[in-house]
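Keep the structure open and follow along.

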Amino acid sequence: MKNLLEDIKKLSAQITEEVIQVRRHLHAHPELSYQEYETCAYVKKQLQALGLETFSVANTGLVAEIKGKNPEKKTIALRADMDALPIVEANQVEYASKNPGVMHACGHDVHTSSLLGTAKILHLLRNEWEGTVRLLFQPGEEKNPGGASYMIRDGALNNPQPKSIIGQHVFPLLPVGKIGFREGMYMASCDEIYLTVRGKGGHGAAPEFTIDPVVIASHIIIALQQIISRNASPKQPTVLTFGKIEGGTTTNVIPNEVKIAGTFRAMDETWRADALHKIKKMAEGIAESMGGSCEVDISKGYPFLKNDPQVTRRIKAAAAAYVGENNVVDIDITLGAEDFSYYSQVIPASFYRLGTRNEAKGITSYVHTPTFNIDEEALKISTGLMAWMAIHELSI
Ligand code: NI
């Protein structure tokens with residue numbers, strides 16, 4: 001295996017320039033969730049150039065397989081997401097978005113180009129390892145219900161079911177060169193809460209003739225926080241944030257209705273179901289007790305993500321061999337959400353972080369911002385690293 005590791009490193013260095021060009025092409029041509037038609041066609045062309053057969057899934061998603069020696073021995077899966085965000089890019093780079101208002105601000109261009117590079121390495125070395133590596137290029141990570149759920153629906157994890165799945169994500173909090181891992185609970189479930197509080201509008205100086213939805217909405221917002229502070233176990237991370245409140249027109253008119261929208265995050269499916277039920281009951285009950293009504297609309301998002309401890313330990317050990325023990329770090333949980341969690345509910349899964357920060361180069365912006373970018377040095381590491389992890393995982 002030692003020689004193989006060196007071969008992977010050599011190939012990874014050889015293809016870095018090409019992978020960077022692929023990343024820049026994708027970055028310049030971002031597409032929104034579930035509209036990744038050109039991205040998908042581009043990825044398909046790249047895979048076919050390697051001689052790989054591709055299968056269309058989830059409308060704008062792709063699956064391909066690389067077979068090593070003895071391909072029936074074991075199958076594992078590697079995943080990349082391909083969609084971009086509705087953000088106007090502010091980076092002044094030659095490869096900035098050519099699609100106004102759409103930007104690869106979450107690094108999915110990096111994940112896709114990196115996995116294409118990994119595919120090339122695995123393909124070139126296919127006589128040196130045993131088993132099958134399935135590649136998943138998925139749409140719609142950024143938008144409910146999550147492209148991963150469609151990939152699974154369309155059989156991306158069937159025939160045969162992979163023994164494990166690995167995914168990576170850029171991490172602007174981690175310096176380039178470092179790779180972050182976490183065993184067990186890692187990311188939160190994420191549901192969208194939409195409340196419409198209805199009352200009866202009227203003159204602000206004559207509240208006795210009205211049912212004031214602004215006051216009712218205020219009570220609801222405060223009261224719902226009690227669910228987090230009094231009903232949730234203090235040992236379980238959970239959060240409820242209302243980021244939007246909308247109602248009324250001026251100082252002295254009581255409106256008919258107020259709309260509130262928020263996000264609920266949790267890391268336990270039982271608590272999640274319980275909390276969503278409580279949110280609905282409490283909002284409705286408060287509005288009713290004050291003479292109004294509240295319509296509760298909940299859009300269920302991704303489940304929480306638990307990294308399989310064994311897979312995580314194995315890929316972490318593989319990473320330590322590849323980038324050195326001192327470049328492998330443990331990372332904290334985050335209440336962010338990822339649709340990779342859907343795969344983790346079907347098969348053992350692990351999601352790790354690729355350091356992309358470089359203070360000296362001024363690359364520090366967080367994901368989902370107009371100035372997000374990565375230090376492309378990360379692509380020197382990521383392609384070979386994932387190839388090595390895959391081969392390591394197949395050899396167990
Ligand atoms: Ni992302």
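## How the strands are named

Strands here are DSSP runs of E with at least two residues, and helices are runs of H or I with at least four, both numbered from the N terminus. Keep in mind that what you are looking at is a predicted model.

## The largest pocket

Let's start with the open space. The largest pocket holds about 540 Å³. Its lining counts 27 residues, and those closest to the centre are Met187, Arg265, Gly336, Ala337 and His368. Sorted by class, the lining has 12 nonpolar, 8 charged and 7 polar residues.

Which strand gives the most to the lining of the largest pocket? That would be strand 5, with 3 residues. At least two lining residues come from each of strand 5 (165–175), strand 7 (184–187), strand 8 (189–198) and strand 12 (257–266).

## His368, up close

You'll find histidine 368 in the loop between strand 16 (349–357) and helix 9 (378–395). Its phi is positive, near 70 degrees, and this is a residue other than glycine. Is histidine 368 buried or partly exposed? With a relative accessible area of 40%, histidine 368 falls between the 20% and 50% cut-offs, so it counts as partly exposed.

## The nickel site

Now for the metal. Three residues coordinate the nickel ion: Cys106 through SG, and His108 and His169 through NE2, at 2.2 to 2.3 Å. Along the chain, these donors follow the spacing C-x1-H-x60-H.

How much of the cysteine and its neighbour can be reached? Cysteine 106 has a relative accessible area of 7%, and histidine 108 comes in at 0%. Buried means under 20%, so cysteine 106 and histidine 108 both qualify.

Strand 1 (residues 54–57) runs antiparallel to strand 2 (residues 61–67), and the two pair over 4 bridges. Phenylalanine 55 sits opposite valine 63 of strand 2. The two strands make a hairpin with 3 residues between them, and alanine 58 in that turn has a positive phi of about 55 degrees.

Follow the chain into the loop between strand 2 and strand 3 (75–81) and you come to asparagine 70. Asparagine 70 isn't a glycine, yet its phi is positive, at about 50 degrees. Its relative accessible area of 42% makes asparagine 70 partly exposed.

## Two cis prolines

Where are the cis peptide bonds to look at? One joins asparagine 144 and proline 145, with omega at about 0 degrees. Proline 145 belongs to the loop between strand 4 (132–138) and helix 4 (147–153).

Another cis bond joins asparagine 159 and proline 160, and here omega is about -15 degrees. Proline 160 is in the loop that runs between helix 4 and strand 5.

## A buried loop residue

One last stop: threonine 210, in the loop between strand 9 (202–203) and helix 5 (213–231). Is threonine 210 buried or exposed? Its relative accessible area is 12%, so threonine 210 is buried. Threonine 210 and isoleucine 254 are 44 residues apart in sequence, while their C-alpha atoms are 7.6 Å apart in space.

Technical notes: Residues numbered from 1 in each chain as written. Predicted model: local features only at pLDDT ≥ 70, side-chain atom pairs only at ≥ 80, totals over all residues. Heavy atoms only, no water. 1 Å grid on protein atoms, 1.4 Å probe; cavity = no way out; pocket = protein on both sides within 12 Å on 5 of 7 lines; lining within 4 Å. Points joined across faces, edges and corners; volume = space filled by probe spheres on them. Nonpolar A, V, L, I, M, F, W, Y, C, P; charged D, E, K, R; others polar. Pairing = 2+ DSSP bridges. Donors = N, O, S within 2.8 Å, 3.2 Å for Na, K, Ca; no water. Buried < 20%, exposed > 50% of the residue type's maximum accessible area, 1.4 Å probe, protein only.
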